[in-house]
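Please keep the sequence and the structure in view while reading.

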Amino acid sequence: MEKLLSSARSSHSTVPERFHLPPELRPPALAAAPVSLPVIDLSHDRDEVRSAVLRAGKEFGFFQVINHGVPERALRELEAACVDFFRLPASDKASLYSEDTERTNRLFSSTMYESGAGESYWRDCLRLACHPVELTKPGWPEKPATLRPALEDFIVPARSVGMELLRLLCEGVGLRPDYFEGDLSGGEVIVNANHYPPCPDPGLTLGLPPHCDRNLITVLLQPGYVCGLQVSYGGGWIDVEPVPGALVVNFGHQLEIATNGLLRSVEHRAVANAAVARTSVAAFIMPTMDCVVAPAKELVGEGSPARYRSIAFRDFMRVYKTVGARRESVEKAFRI
């Protein structure tokens with residue numbers, strides 16, 4: 001528990017040495033050209049939305065969506081409940097704290113990714129299995145009292161947004177609309193509530209290292225008042241600007257494998273800031289552990305050979321945790 005940044009009795013006046021990254025891993029400059037992620041209005045004509053999602057996915061691997069169907073109230077109440085969770089006294093969070101990476105529901109600090117030099121990152125994280133709700137809800141924290149209803153009000157419509165986007169992508173790349181239903185998206189939806197306290201010297205550390213997501217598709221609620229998420233683009237990093245009421249969407253490795261590289265999982269990271277705390281909530285839609293993920297047959301053929309080997313998601317996760325979450329490492333492990 002002493003490792004938790006949010007359990008500190010007062011704000012940090014200096015960055016503890018364990019968070020000092022080597023100079024080559026510290027936050028470099030952003031991309032020179034001002035670039036913004038596309039913001040897609042899901043209430044527009046379906047053909048228009050499909051084209052916009054496919055175009056944004058191919059160029060960035062990330063985009064934001066508005067008019068997505070998740071009530072604004074649900075977004076704000078979940079953000080507030082997660083902020084309140086990290087403000088709880090250490091004694092109220094102690095039973096959740098664990099450094100066991102095999103434990104699904106847990107509270108921990110830094111990152112779950114392997115790092116050869118053992119770097120620490122400026123983040124606390126509450127990780128929970130949240131779907132199906134009726135099966136996972138008993139494992140959610142009881143405090144604060146607002147957290148359980150807020151999670152329930154968010155996770156069902158947020159997962160629906162992810163599934164609708166997958167259907168649009170299927171239509172766009174030539175797969176049957178329900179291709180990603182069933183085992184490919186039938187695993188637990190894992191929620192990470194990420195808390196980044198104010199950092200006295202953000203240039204020394206990162207909230208999260210550059211990584212690609214291991215799942216199928218990610219739906220993220222980020223606070224509307226401060227930047228922190230950055231996406232790799234054109235050899236640099238661009239800020240994901242807060243858009244009121246929006247959700248950020250990005251593709252995971254399983255979507256890249258299934259589409260044979262047509263859609264890519266893109267590296268992203270979280271930077272610290274000196275001014276205010278920042279709390280975001282990411283929902284990861286996963287395959288079942290026994291699901292074998294492979295390039296779709298419709299996307300493999302003459303002139304387009306399979307670029308990835310078939311692999312059970314359970315085995316993918318084991319290798320992913322071992323090689324680390326950098327795109328180059330994961331590609332090397334799974335490319336044919």
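Two strands are said to pair if DSSP finds at least two bridges between them; strands (E, at least two residues) are DSSP runs, numbered from the N terminus. The model is a predicted one, in which local features need pLDDT of at least 70, side-chain atom pairs count only at pLDDT 80 or more, and totals for chains, interfaces and linings use all residues. Residues are numbered from 1 along each chain as its sequence is written, and side-chain values use heavy atoms, with hydrogens and water left out.

Strand E10 spans residues 247–251. Strand E7 (residues 217–221) pairs with E10 in the antiparallel sense over 4 bridges, and Leu220 has Val248 as its bridge partner in E10. Strand E2 (residues 62–66) also runs antiparallel to E10, joined by 4 bridges; here Phe63 is partnered with Val249.

Aromatic rings of Phe, Tyr and Trp (its six-membered ring) pair if their centres lie within 6.5 Å; planes under 30 degrees apart count as stacked, over 60 as edge-to-face and the rest as tilted. The count comes to 7 aromatic pairs. One of them is the edge-to-face pair of Phe63 and Phe251, at 6.0 Å centre to centre with 75 degrees between the planes. Because Phe63 lies in E2 and Phe251 in E10, this pair ties together parts that are 188 residues apart in sequence.

Notes. Buried < 20%, exposed > 50% of the residue type's maximum accessible area, 1.4 Å probe, protein only.
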